[in-house]
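Student: I have a model open on my screen and would like to learn how to read it. Could you take me through it feature by feature?

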Amino acid sequence: VESAPIACALPRLWLSPDETETVRSFAYVSVSDGVGVGLVTDGEALRGEAHTAGEFGHVSIDMHGPQCVCGKKGCWEAFTCNAATVGRYVDRMLRQRTGGAPDGIRRRAASRDDAPHDHPPTIEDVVRRARRGEPEAAAAVAETGWYIGRGLAAVVSAFNPGRIYVGGEITAAWD
């Protein structure tokens, strides 16, 4: 059993021999419910001593950032996972609906205005809305993209891959 990012990197290695002959070191970044990096160096997957190499999602990019599921603050994952993007979108929608009212008022207005049958949007909903040009969705996706870039800079600094592949639901927002 492999970690998801390594499982995504291995097909690149195995099924793209022409590509991996010229680029022997690459990173596959998986941005989904979590964030992880599959690292391939000199044609071999890098797994680490305890098979946990590539956990860049739990590297803090802002020590004052949101709480991560791992317990730390400001992890790359806390800014870029699917739930973070959806949360950013929902927050923007609530601010728009309540005219930028403070959090407590926003929550009360949202609970009053939202019918019980309403369901929170999925990442696919947010991406679809962003592609259609909805400003709040486009802004949420763009902000996630900015944070993805911050984390990719750390991957480049630490690993210096010849190429980086990014996968996950958020990539459907990109041309």
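Tutor: Gladly, and let's begin with a term we will need: a nonpolar core is a set of buried Ala, Val, Leu, Ile, Met, Phe, Trp, Tyr and Cys residues joined through side-chain atoms within 4.5 Å. Buried here means under 20% relative accessible area. Keep in mind that this is a predicted model.

Student: Which residues have the most contacts inside the largest nonpolar core?

Tutor: The general idea is that in soluble globular proteins, nonpolar side chains tend to be buried together. In this chain the largest nonpolar core has 26 residues, and Val37, Trp76 and Ile170 have the most contacts inside it. The elements that give two or more residues to this core are strands E1 and E2 (35-41) together with helices H3 (76-80), H4 (82-98), H6 (123-131) and H7 (135-159). H7 gives the most, with eight residues.

Student: What does valine 37 touch?

Tutor: Leaving aside residues up to four places away in sequence, valine 37 touches Pro5, Ala27, Tyr28, Val29, Ala53, Gly54, Phe56, Trp76 and Val155.

Student: Let me step back to the whole chain. How many helices and strands does it have?

Tutor: There are seven helices and four strands. Along the sequence they follow the pattern α-α-β-β-β-α-α-α-α-α-β. Of the 175 residues in the chain, 41% are buried. To see how the sequence folds back on itself, look at contacts with a separation of 6 or more: residues 24 or more positions apart account for 56% of them. As for the surface, the chain exposes about 9,700 Å², and carbon and sulfur atoms supply 53% of that.

Student: How many aromatic pairs does the structure hold?

Tutor: It holds three. To read such a pair, check the distance between ring centres and then the angle between the planes; an angle over 60 degrees counts as edge-to-face. The rings of phenylalanine 26 and tyrosine 165 have centres 5.5 Å apart and planes at 85 degrees, so this pair is edge-to-face. The pair links distant parts of the chain, as phenylalanine 26 is in strand E1 (residues 26-31) and tyrosine 165 is in strand E4 (residues 163-167), 139 residues apart. Phenylalanine 26 counts as buried at 1% relative accessibility, and tyrosine 165 is buried too, with a relative accessible area of 11%.

Student: And how do the rings of tryptophan 146 and tyrosine 147 meet?

Tutor: Their centres are 5.0 Å apart and their planes at 80 degrees, so this pair is edge-to-face. Tyrosine 147 counts as buried at 14% relative accessibility. Phe79, Trp146 and Tyr147 form one aromatic cluster. A ring can have a charged neighbour as well: arginine 12 lies over the face of tyrosine 165, at 4.1 Å from the ring centre.

Student: Where should I look for salt bridges?

Tutor: Side chains of opposite charge can pair when their charged atoms come close. Here the count comes to five salt bridges. Arginine 92 and glutamate 143 form one of them, with the closest N and O atoms 2.7 Å apart. Arginine 92 lies in helix H4 and glutamate 143 in helix H7, so the pair ties together parts that are 51 residues apart in sequence.

Student: Where does the salt bridge of arginine 131 lead?

Tutor: To aspartate 175, at 3.3 Å from N to O. Arginine 131 lies in helix H6 and aspartate 175 in the segment after E4, so the pair ties together parts 44 residues apart in sequence. Arginine 131 counts as partly exposed at 47% relative accessibility, while aspartate 175 counts as exposed at 92%.

Student: Finally, what is the phi of aspartate 42?

Tutor: Most residues other than glycine have a negative phi, and most peptide bonds are trans. The phi of aspartate 42 is near 50 degrees, a positive value in a residue other than glycine. Aspartate 42 lies in the loop between E2 and strand E3 (44-46) and counts as exposed at 56% relative accessibility. Its side chain meets that of arginine 24 in a salt bridge (3.9 Å, N to O). Asparagine 160 also has a positive phi, near 55 degrees, and lies in the loop between H7 and E4.

Definitions and conventions: Residues numbered from 1 in each chain as written. Predicted model: local features only at pLDDT ≥ 70, side-chain atom pairs only at ≥ 80, totals over all residues. Heavy atoms only, no water. Buried < 20%, exposed > 50% of the residue type's maximum accessible area, 1.4 Å probe, protein only. Contact = heavy atoms within 4.5 Å. Areas by Shrake-Rupley, 256 points an atom, 1.4 Å probe, with all protein chains shown as cover. Phe/Tyr/Trp six-rings, centres within 6.5 Å; stacked < 30°, edge-to-face > 60°. Lys NZ or Arg CZ within 6 Å of the ring centre and 35° of its normal. Salt bridge = Lys/Arg side-chain N within 4 Å of Asp/Glu carboxyl O.
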